[in-house]
Amino acid sequence: MATAVVNRKKKRTMGQHADRNAQFENIARLKKEYLDAGKPVLSIDTKKKELLGNFYRDGVVDSVDPIDVNDHDFPSCSDGKVIPHGIST
């Protein structure tokens with residue numbers, strides 16, 4: 001049997017946590033309380049922390065020349081961390 005390079009696929013379900021919905025119900029309750037009181041409500045969606053610096057990133061970039069990046073992603077070689085986010089009202 002021959003081997004090949006393959007990607008992992010997220011196919012196995014681990015089920016849901018019994019209290020998963022409780023957090024969303026609590027957020028909805030708090031949102032209603034704030035809006036009823038005339039206070040603003042912001043939704044901030046944060047993503048995984050990313051190292052700043054010349055590191056490899058998934059995705060594509062339009063460029064004439066190849067972009068050389070570090071061969072390892074050591075935090076000690078980074079310029080810090082960034083947390084990508086989106087804000088909505």
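Biologist: Why is Ser78 called buried?

Modeller: Ser78 has a relative accessible area of 18%. Buried means under 20%, exposed means over 50%, and partly exposed is in between, with a 1.4 Å probe and protein chains only. Ser78 is therefore buried. This is a predicted model, in which local features need pLDDT of at least 70 and side-chain atom pairs count only at pLDDT 80 or more, while totals for chains, interfaces and linings use all residues. Residues are numbered from 1 along each chain as its sequence is written, and side-chain values use heavy atoms, with hydrogens and water left out.

Biologist: Where is Ser78 found, and which residues does Ser78 touch?

Modeller: Ser78 sits in the loop between strand S2 (50-51) and strand S3 (81-82). Strands (E, at least two residues) and helices (H or I, at least four) are DSSP runs, numbered from the N terminus. Leaving aside residues up to four places away in sequence, Ser78 touches Leu51, Leu52 and Phe55; contact means heavy atoms within 4.5 Å.

Biologist: What does the side chain of Ser78 reach at 3.3 Å?

Modeller: The backbone nitrogen of Gly80.

Biologist: What makes Ile67 count as exposed?

Modeller: Ile67 has 54% relative accessibility, so it counts as exposed. Ile67 also lies in the loop between S2 and S3.

Biologist: How do you know that the chain is more spread out than a compact globule?

Modeller: Start with the elements: the chain has 1 helix and 4 strands, in the order α-β-β-β-β along the sequence. The radius of gyration is 21 Å, well over the 12 Å that the globule rule gives for 89 residues, so the chain is more spread out than a compact globule. The radius is taken over C-alpha atoms, and the rule is 2.2 Å times the number of residues to the power 0.38. The C-alpha trace spans about 55 × 40 × 30 Å along its principal axes. Of the 89 residues, 3% count as buried.

Biologist: Why is the pair of Arg29 and Glu33 called a salt bridge?

Modeller: The closest N and O atoms of Arg29 and Glu33 are 2.7 Å apart. A salt bridge is a side-chain nitrogen of Lys or Arg within 4 Å of a carboxyl oxygen of Asp or Glu, so the name applies. Both residues lie in helix H1 (residues 20-36), 4 residues apart, about one turn of the helix. Arg29, at 44% relative accessibility, is partly exposed, and so is Glu33, at 42%.

Biologist: What separates Asp36 and Lys32 in helix H1?

Modeller: They are 4 residues apart, which means about one helical turn. Asp36 and Lys32 form a salt bridge, with the closest N and O atoms 2.7 Å apart. Asp36 counts as exposed at 57%, as does Lys32 at 52%.

Biologist: How many salt bridges does the whole structure hold?

Modeller: The search finds 4. One of them joins Asp45 and Lys47, whose closest N and O atoms are 2.6 Å apart. Asp45, at 41%, is partly exposed; Lys47, at 48%, is also partly exposed.

How values were computed:
Polar contact = N/O pair within 3.5 Å; in protein donor to acceptor, adjacent residues only side chain to side chain.
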